[in-house]
Amino acid sequence: MFGSDSSKELGHIPSMSHVGSILVANGDDDSFKNGVNYLQRAANGNDVNAVVTLSKVIITNISRFSIDEAIGCCFKAADVGYN
């Protein structure tokens, strides 16, 4: 789930986090998938808001993700300082 994107590939991290949050809340499948992608990319850039939002999205939509993704996201949240 979390790769080693360079900052150039990440773009503007806070914007990705914000857009990702909006898209996952939209409800349709394509928006959800795009939103998760943006949140993952922002989380790769250690954006705390993205990591926390992605953790919540995974937990509330666990049927769309693997358990390993959920656990990995929780560890990432802890790594960036979220309790």
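In what order do the elements of the protein chain run from the N terminus on? They run α-α-α-α-α. This is a predicted model, so treat the tour as a walk through computed coordinates.

**Stop 1: the whole chain**

Select the protein chain and colour by secondary structure. There are 5 helices and 0 strands. The accessible surface comes to about 4900 Å². Carbon and sulfur atoms own 51% of that surface. Of the 83 residues, 34% count as buried. Residues 24 or more positions apart account for 53% of them.

**Stop 2: α2 against α3**

Two packed helices are described by the angle between their axes and the distance between the axes. Select residues 13–26 for helix α2 and residues 29–44 for helix α3. Their axes come within 7 Å and cross at roughly 155°. Angles over 145 degrees count as roughly antiparallel, and that makes α2 roughly antiparallel to α3. The crossing of this pair is left-handed.

Show side chains at the contact. On α2, pick Ile 13, Met 16, Ser 17, Val 19, Gly 20, Ser 21, Leu 23, Val 24 and Asn 26. On α3, pick Ser 31, Phe 32, Asn 34, Gly 35, Val 36, Tyr 38, Leu 39, Arg 41 and Ala 42. Colour the set by class. The contact of α2 with α3 has 10 nonpolar, 7 polar and 1 charged residues.

**Stop 3: α4 against α5**

Move on to residues 48–60, helix α4, and residues 67–79, helix α5. They pack at an angle of about 155°, with their axes 9 Å apart. α4 and α5 are therefore roughly antiparallel to each other. Their crossing is left-handed.

Which residues of α4 meet α5? Select Val 51, Leu 54, Ser 55, Ile 58 and Ile 59. By class, the contact of α4 with α5 has 8 nonpolar, 1 polar and 2 charged residues.

**Stop 4: Ser 55**

Zoom in on Ser 55, in helix α4. Is Ser 55 buried or exposed? Its relative accessible area is 9%, so Ser 55 is buried; the cut-off for buried is under 20%. Leave out residues up to four places away in sequence, and Ser 55 touches Cys 73, Cys 74 and Ala 77.

Methods:
Residues are numbered from 1 along each chain as its sequence is written. This is a predicted model: local features need pLDDT of at least 70, side-chain atom pairs count only at pLDDT 80 or more; totals for chains, interfaces and linings use all residues. Side-chain values use heavy atoms; hydrogens and water are left out. Axes are lines fitted to C-alpha atoms, for helices over the stretch in contact, and angles run from 0 to 180 degrees between N-to-C directions. Helices (H or I, at least four residues) and strands (E, at least two) are DSSP runs, numbered from the N terminus. Angles under 35 degrees count as roughly parallel, over 145 as roughly antiparallel, 65 to 115 as roughly perpendicular and the rest as oblique. A crossing is left-handed if the near helix is turned anticlockwise from the far one by less than a right angle, and right-handed if clockwise. Contact means heavy atoms within 4.5 Å. Ala, Val, Leu, Ile, Met, Phe, Trp, Tyr, Cys and Pro count as nonpolar, Asp, Glu, Lys and Arg as charged, and the others, Gly among them, as polar. Buried means under 20% relative accessible area, exposed over 50%, partly exposed in between (1.4 Å probe, protein chains only). Accessible areas come from the Shrake-Rupley method with a 1.4 Å probe; for residues, only the protein chains shown count as cover.
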